[in-house]
Amino acid sequence: MKIMNNLFQKIKPIVESIIAGMLTFLQYLWYATFRRLGLFGYLGQAIFVAIGSIYATGIPIYCKIFKRDEADCMTLTTLTISIVIGIIYFLVDGIFFKGFLRTSVTITSRAFDSTEIKIKFGNIFYQDGWIVVSVNEFFDNILDDYHVAEESLHGQMLKRYWKDSPDDWYEKIKSSIDLTPQQVSRPTAGKIARYPIGTTGIARSSNGKKFICVALSPTDVDSCLAHATYNDLLLSLEQALNKAREVCASKPLNFPLLGGKLSRVNLPKNMLLNLLIMQIFNASKEKPITQEIRIVLPYKDFSQYNLKAIQKAWS
């Protein structure tokens with residue numbers, strides 16, 4: 001045993017150097033490669049930091065205090081404790097400090113004390129109050145992945161609340177719009193009344209869900225392909241907020257992230273989110289809209305946002 005201890009003391013600096021080098025390499029490799037996976041990168045980084053700290057600092061200090069041999073302390077139990085500490089650090093850091101585990105935040109401003117802006121992850125159809133949904137300029141109601149894509153919020157709304165009566169939705173929207181649309185010829189079965197971008201209509205489902213539908217996307221009459229521009233998005237947000245100011249009556253207003261994949265505005269999601277917040281700020285400073293405005297993000301995008309960082313940037 002004495003021979004082993006002497007041997008360990010001789011090779012200890014080399015072993016420590018190798019372990020430290022490997023941990024540093026693995027940490028940077030994880031950061032550079034797997035950080036793109038979002039939360040896995042943060043978790044891996046926390047575990048590597050914990051292991052490196054305990055093996056490089058914790059064990060030597062512990063052995064000096066309790067007069068233990070370092071070789072006896074470098075066990076699987078120590079590794080397990082390091083991993084547990086890394087996970088705890090990951091959770092504490094993610095919730096209270098960096099904020100990458102926060103599922104909701106609230107933004108307030110002295111510029112409009114009467115309005116609270118909340119950003120949260122969830123299903124927008126489970127929210128109370130009014131829900132904003134973007135549609136094409138024809139307010140099409142045929143759910144066939146050609147006129148209206150089933151995966152879009154427009155399609156999900158029709159499927160959930162007007163599955164057997166899409167014409168009822170269209171008539172409610174049409175009756176709430178106070179302007180005369182342009183009549184165009186379409187080779188498909190879609191609607192022929194084309195409304196200006198930014199036109200808003202409202203519809204209430206039979207179970208009381210309330211929707212503000214805004215025309216965001218110009219649509220090719222032949223291919224039914226929707227393609228909105230940055231200016232289309234700005235105008236649609238402005239008009240949706242104006243309509244909300246008319247109808248909300250202090251009830252919550254729920255926004256999805258408008259301008260995403262199917263409307264083809266072609267802006268990064270973080271930029272779309274900041275643009276939406278900016279438009280809400282500007283409209284609320286001009287005149288209050290309602291007491292609470294929510295931006296509801298889908299759970300599948302959880303790893304793409306750091307809500308605490310967004311809150312800090314806007315508060």
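Visitor: Which residue in S7 is the bridge partner of valine 135?

Guide: Strands of a sheet pair through backbone hydrogen bonds, either parallel or antiparallel. Here, the bridge partner of valine 135 is alanine 215 in S7. Strand S3 (residues 130-136) and S7 run parallel, joined by 7 bridges. Strands are DSSP runs of E, at least two residues, and helices are runs of H or I, at least four, numbered from the N terminus; two strands pair if DSSP finds at least two bridges between them. The model is predicted: local features need pLDDT of at least 70, side-chain atom pairs count only at pLDDT 80 or more, and totals for chains, interfaces and linings use all residues. Residues are numbered from 1 along each chain as its sequence is written, and side-chain values use heavy atoms, leaving out hydrogens and water.

Visitor: In what sense do strand S6 and S7 pair, parallel or antiparallel?

Guide: Strand S6 (residues 200-204) pairs with S7 in the antiparallel sense over 5 bridges, and alanine 203 has phenylalanine 211 of S7 as its bridge partner. The two strands form a hairpin with 5 residues between them, and glycine 208 in the turn has a positive phi of about 95°.

Visitor: In what order do the strands lie?

Guide: 7 strands form an open sheet of mixed pairing, in the order S1-S2-S9-S8-S3-S7-S6. Strand S1 (104-107) and S6 stand at the edges with a single partner strand each, so one side of each has no neighbour in the sheet.
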